[in-house]
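Please look over the chain below.

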Amino acid sequence: MPHSDDLLWGAVGDISRFAALLTMAELGLADHLAHGPLGSAELAERAGAHAPSLRRVLRELASMGVVKVAGPDAYDLTEKGTALRSDVPDSVRSSIRMLGEESFWYAMGMLPATVRDGDSAFMKRYGPLYDHLARNPDVSRLFDDYMTARAIPFTEGLAKRYDFPATATMVDVAGGKGHILATVLHANPQMRGILFDLGYVTEHARQTLEAEGLAGRAEVVAGDMFAGVPAGGDIYLLASVLHNWDDDDAVKILRNVREAMNPDGRVLILEVVLPDSEEPHLGKDIDMRMLAIFNGGTERSREEYAAVLDQAGLALSDVVELGSGANLIEARRR
């Protein structure tokens with residue numbers, strides 16, 4: 001059992017290790033090393049970096065096992081480090097870059113100030129997240145890539161473990177670039193879909209669905225889920241949506257969904273559900289980001305989701321484990 005001091009000092013060291021990974025991701029080091037080892041000077045030239053500084057970062061990265069020494073002052077990519085390439089399935093490069101992006105880095109560093117007064121320091125400086133993304137297309141693209149990468153393991157679990165009605169129409173509320181909807185439609189060839197999101201997002205979604213050959217089965221609709229959602233769907237998916245909002249706003253969204261869906265429709269909520277235990281859990285880590293970035297954003301337990309569903313006139317009917325820490329909560333009209 002590790003000594004408590006080891007655990008605490010390990011957490012202190014994590015910020016340095018993350019900064020090294022962020023440097024690797026930003027400079028594209030894994031892509032430069034994809035075809036074999038390079039000397040640190042040549043790697044620095046290809047990456048547009050200061051060679052002496054890069055050597056120090058490579059030393060840290062080697063201690064983490066993402067690169068390895070391949071000769072005098074030369075480094076090669078390890079199997080673990082391959083996940084930072086931009087051209088591999090399940091790449092984590094965009095996720096690391098998003099979490100290290102200036103505004104997100106600021107949000108986490110200012111968490112003590114947020115906790116002191118209860119208002120997000122991020123929102124005080126940058127405004128609401130989605131307004132910030134709309135004003136900054138580069139950050140928005142990075143965020144979309146991050147959300148897509150984060151959703152891959154959850155989406156695979158959703159397509160494999162949930163029994164979708166064969167001819168249903170699914171409305172993906174705040175569906176982003178459309179990766180989840182595309183995966184579900186490919187797995188269920190008779191289903192149709194509607195992707196619903198803010199206007200600045202929908203063009204990316206159209207491109208994704210067209211590239212996936214789904215333009216004939218999937219419609220893209222722009223709008224605000226607080227004003228209403230497309231009517232007549234059999235399934236309404238809310239994937240990583242409700243955790244951005246406090247209970248009052250979550251209930252508003254769910255009520256709009258309840259009013260729009262067919263009488264025998266279902267609501268599917270894809271989120272990380274907090275456990276009752278005190279063990280480490282992905283949901284607790286994400287909850288710190290929700291606290292830092294949103295006023296009112298929060299991860300919830302099963303009981304807390306049941307409560308907001310009840311206030312919206314819905315009843316929790318099932319919880320399906322999807323793996324990778326995610327759960328699918330199913331609800332129907334009361």
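## Helix H6

In helix H6 (residues 102-109), the buried residues are Ser103, Phe104 and Ala107. They span an arc of only 100° around the axis, so they lie on the same side of H6. Glu102 and Gly109 are exposed on the other side of H6. Buried means under 20% relative accessible area, exposed over 50% (1.4 Å probe, protein chains only). The arc uses directions from the helix axis to the C-beta atoms. Helices (H or I, at least four residues) and strands (E, at least two) are DSSP runs, numbered from the N terminus.

This is a predicted model: local features need pLDDT of at least 70, side-chain atom pairs count only at pLDDT 80 or more, and totals for chains, interfaces and linings use all residues. Residues are numbered from 1 along each chain as its sequence is written, and side-chain values use heavy atoms, without hydrogens and water.

## Helix H13

Helix H13 (residues 247-260) has 14 residues. From first C-alpha to last it reaches 20 Å, close to the 20 Å expected at 1.5 Å a residue; the expected span is 1.5 Å times one less than the number of residues. At its start, a side-chain oxygen of aspartate 246 comes to within 3.3 Å of the backbone nitrogen of aspartate 248. Buried residues of H13 include Val251, Leu254 and Val257.

| Helix | Among its covering elements |
|---|---|
| H6 | helix H5 (93-99), helix H10 (137-161), helix H14 (282-293) |
| H13 | strand E7 (235-239), strand E8 (266-271), helix H15 (302-311) |

## Annotated domain

UniProt lists residues 19-83 as "domain: O-methyltransferase dimerisation" (unreviewed entry). Over residues 19-83 the chain is 52% helix and 17% strand.

Definitions and conventions: UniProt positions are given in the numbering used here, feature names are shortened, and annotations may be inferred rather than shown by experiment. Contact means heavy atoms within 4.5 Å. A polar contact is a pair of N or O atoms within 3.5 Å; within protein, one must be able to donate a hydrogen and the other to accept it, and residues adjacent in sequence count only if both atoms are side-chain atoms.
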